[in-house]
Amino acid sequence: MIVKVKEPIAPEYNLIRKGQLLFTYFHFASDKELTLAMIANKSICLAYETVENPDRSLPLLIPMSEVAGRMSVQEGARFLEKPQGGKGILLGGVPGVKPAKVLILGGGVVGTNAAQMAAGMGADVTIADVNLARLRYLSEVLPKNVKTLYSSELRIKKELPDIDLIIGSVLIPGDKAPHLITKPMLSMLQPGTVLVDVAIDQGGCFETSHPTTHSEPTYVVDGIVHYAVANIPGAVPYTSTLALTNATLPYVIALANKGWEKACKEIPSLQPGLNIVEGKVTYKAVADVFGLEYEPVFL
């Protein structure tokens, strides 16, 4: 068994043996080369991001989503500074000067943590989602400087001219993220607006996003600053390691002691994590993205 944090990189593909269990974040839907390589080496790929509890929560994605959500605002605030290419706006404002306007797309774990952080810094925050029940919950638990918005293309477009920072945090488990901000929509934003794409691991929820690194985190398209670091929690490895290990360790022990088949039988939340098993794609969203045959696992 190999336990990692990030997916295997190209030089590692041929080192992985048939029947070897890999337990890590894969994000297959955004990487066809990785998907085909794992099919070819006939390993067992158990993906953190699709391990799913009966209530549909994602226990191994939550810790990193919490870190990424909070950091997205921290980084967004930094790149709103003028020397970083932003508008030169202080996120929380000061007495007599309005705070920045923040739009958060997606009301899941990332979006909720981003809203908490942005609200705590004094920003004017709007969080958008398509789940009314979730919006009602967020309206009750988030601070009063956070407004909720039922998400649609029209409503997003109406918000764009006045927004200073947009956090993209939409997740479809195991599938590619939808593009909620298209390239033509950038013209509706003011120059220096900052887009932070937390969904970049799943392909990104802004059409103009492409993965960046911590050493070169941003680029500019049509005057709009894009931040699309593919591993945001990697900037705070101490916090991230402890948060992730707290969640993964019980599963790692079960897999080591029982083997993957018995562990997946006895712990129902593990089975949805099986994305590729000995050359077969066993997670439907991954198969659908690349037009591959889907073969469910029956344990």
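Domain bounds, as used here, come from an automatic or database domain assignment. For this chain the assignment gives domain 1 (2-59 + 237-290) and domain 2 (64-235), and the C-alpha centres of domain 1 and domain 2 lie 28 Å apart. The model is a predicted one, in which local features need pLDDT of at least 70 and side-chain atom pairs count only at pLDDT 80 or more, while totals for chains, interfaces and linings use all residues. Residues are numbered from 1 along each chain as its sequence is written, and side-chain values use heavy atoms, with hydrogens and water left out.

Where the two domains meet, 16 residues from domain 1 and 15 residues from domain 2 take part in the contact, contact meaning heavy atoms within 4.5 Å. Domain 1 and domain 2 bury about 1200 Å² between them, and 62% of this area is on carbon and sulfur atoms; buried area is the accessible area (1.4 Å probe) that two parts lose on being put together, summed over both. On the domain 1 side, Lys6, His27 and Ser240 lose the most area to domain 2, together 31% of what that side buries. The rule for salt bridges (a side-chain nitrogen of Lys or Arg within 4 Å of a carboxyl oxygen of Asp or Glu) finds 1 across this interface. Lys6 also forms a salt bridge with Asp201, at 3.5 Å from N to O.

The strands come next; helices (H or I, at least four residues) and strands (E, at least two) are DSSP runs, numbered from the N terminus, and two strands pair if DSSP finds at least two bridges between them. Strand 4 (residues 101-105) is largely enclosed by the rest of the structure, because 4 of its 5 residues are buried, that is, under 20% relative accessible area, with exposed meaning over 50% and partly exposed in between (1.4 Å probe, protein chains only). Strand 4 runs parallel to strand 5 (residues 124-129), joined to it by 5 bridges, and Leu105 has Ala128 as its bridge partner in strand 5. With helix 3 (residues 109-120), these two strands make a right-handed β-α-β unit; right-handed means that, with the strands pointing away from the viewer, the path from the first strand over the helix to the second runs clockwise.

Strand 4 also pairs with strand 7 (residues 165-168), in the parallel sense and over 4 bridges, where Val102 is partnered by Leu165 and Leu103 stands opposite Ile166. In a regular strand the side chains alternate between the two faces of the sheet. Both faces of strand 7 are covered, with Leu165 and Ile167 buried on one side and Ile166 and Gly168 buried on the other. Strand 7 pairs in turn with strand 8 (residues 194-197), again parallel and over 4 bridges, and Gly168 stands opposite Asp197 there.
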